[in-house]
Amino acid sequence: MFAANWKMNHAPADAEAFMRQFLAYYPRTQDRTVIFFPSALTLHTLRLALKDRTDIKVGVQNIHWEDHGAFTGENSATIARGTGAKYALVGHSERRHVFGETDEQAGLKVAAAIRAGLTPLLCVGETLAERERGDTIAVVVRQLREGLGKAEIAQVASCLVAYEPVWAIGTGKTASPADANSVHSAIRQELRTLAGDRSEAVPVLYGGSVNRGNAASLLAEAEIDGVLVGGASLDAEAWSAIART
Ligand code: PGA
């Protein structure tokens, strides 16, 4: 699973130019899924630019937890679905740490995504201070419980999770493959507690300064099922190289 988080980059015209290049580099493949998370305003254009490439999916970076109403500036999961989104990022560290989103809100957003037929990709991860205090596992377990705990087992089984240590996002610092793998094992264990055997179907992605130089060693780890990539997904050639890892 290869997910590109474009954050607040690439206007519709840039996305069209990107996709012309990317589709030339990236052949149709059966064994992997590529998902783009563009700006909500670029999503529809990107969906159209994919033409018949139904192997490539599109998702929204954020949703509100209500289905509709007086929430100026927000987008609901239903509206995102109407623009062609199939996935929704929930609880990305920038949402949590720049915009003050809580664990509880992440749980409500996961529920809203499921109600609207979007697949949630729940992001979890510790800050540097939490890591230094030895709290990494406690933090990701809490974020998983709050994020997925209200969903039914079958719904948890259809979600995606990304482990993104906050200190590794956009900093050029990556968790070592072995370190990341051990946190992924703890995530897998907690998913089993939440959804039993069905949790085996939940892909757990790694994110935080992934690039074409380190993607292969991260993906070689047994518990890492994919990557969620910010900066390195903005360039069509770099991103197609990562997606072909
Ligand atoms: P980065 O971002 O690859 O630029 O570190 C990853 C993310 O925020 O999802």
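## The main core

Which residues touch the most other members of the largest nonpolar core? They are Phe22, Phe36, Ile187 and Trp239. This core holds 62 residues. Its largest share comes from helix 5, residues 103-116, which supplies six residues. Keep in mind that the model is predicted.

Take Ile187 as a case. Leaving aside residues up to four places away in sequence, Ile187 touches Val124, Val140, Leu144, Val161, Tyr163 and Val204. In soluble globular proteins, nonpolar side chains tend to be buried together.

## A second core

There is also a separate core of twelve residues. Its members include Met1, Leu89, Cys123 and Leu228.

## Helix 7

Helix 7 runs through residues 136-148.

Several residues of helix 7 are buried: Thr136, Val139, Val140, Val141, Gln143, Leu144, Gly147 and Leu148. Two of these, Val140 and Leu144, are buried in helix 7 and touch Ile187. An α-helix has 3.6 residues a turn, so residues three or four places apart point the same way.

## The ligand site

The ligand is surrounded by 13 residues. The closest are Lys7, His92, Glu164, Gly170 and Ser209.

On its own, the ligand has 280 Å² of accessible area, and the protein covers 96% of it.

Conventions:
Residues are numbered from 1 along each chain as its sequence is written. This is a predicted model: local features need pLDDT of at least 70, side-chain atom pairs count only at pLDDT 80 or more; totals for chains, interfaces and linings use all residues. Side-chain values use heavy atoms; hydrogens and water are left out. A nonpolar core is a set of buried Ala, Val, Leu, Ile, Met, Phe, Trp, Tyr and Cys residues joined through side-chain atoms within 4.5 Å. Buried means under 20% relative accessible area, exposed over 50%, partly exposed in between (1.4 Å probe, protein chains only). Helices (H or I, at least four residues) and strands (E, at least two) are DSSP runs, numbered from the N terminus. Contact means heavy atoms within 4.5 Å. The expected span of a helix is 1.5 Å times one less than its number of residues. A residue is near a molecule or strand if one of its heavy atoms lies within 4 Å of it. Accessible areas come from the Shrake-Rupley method with a 1.4 Å probe; for residues, only the protein chains shown count as cover.
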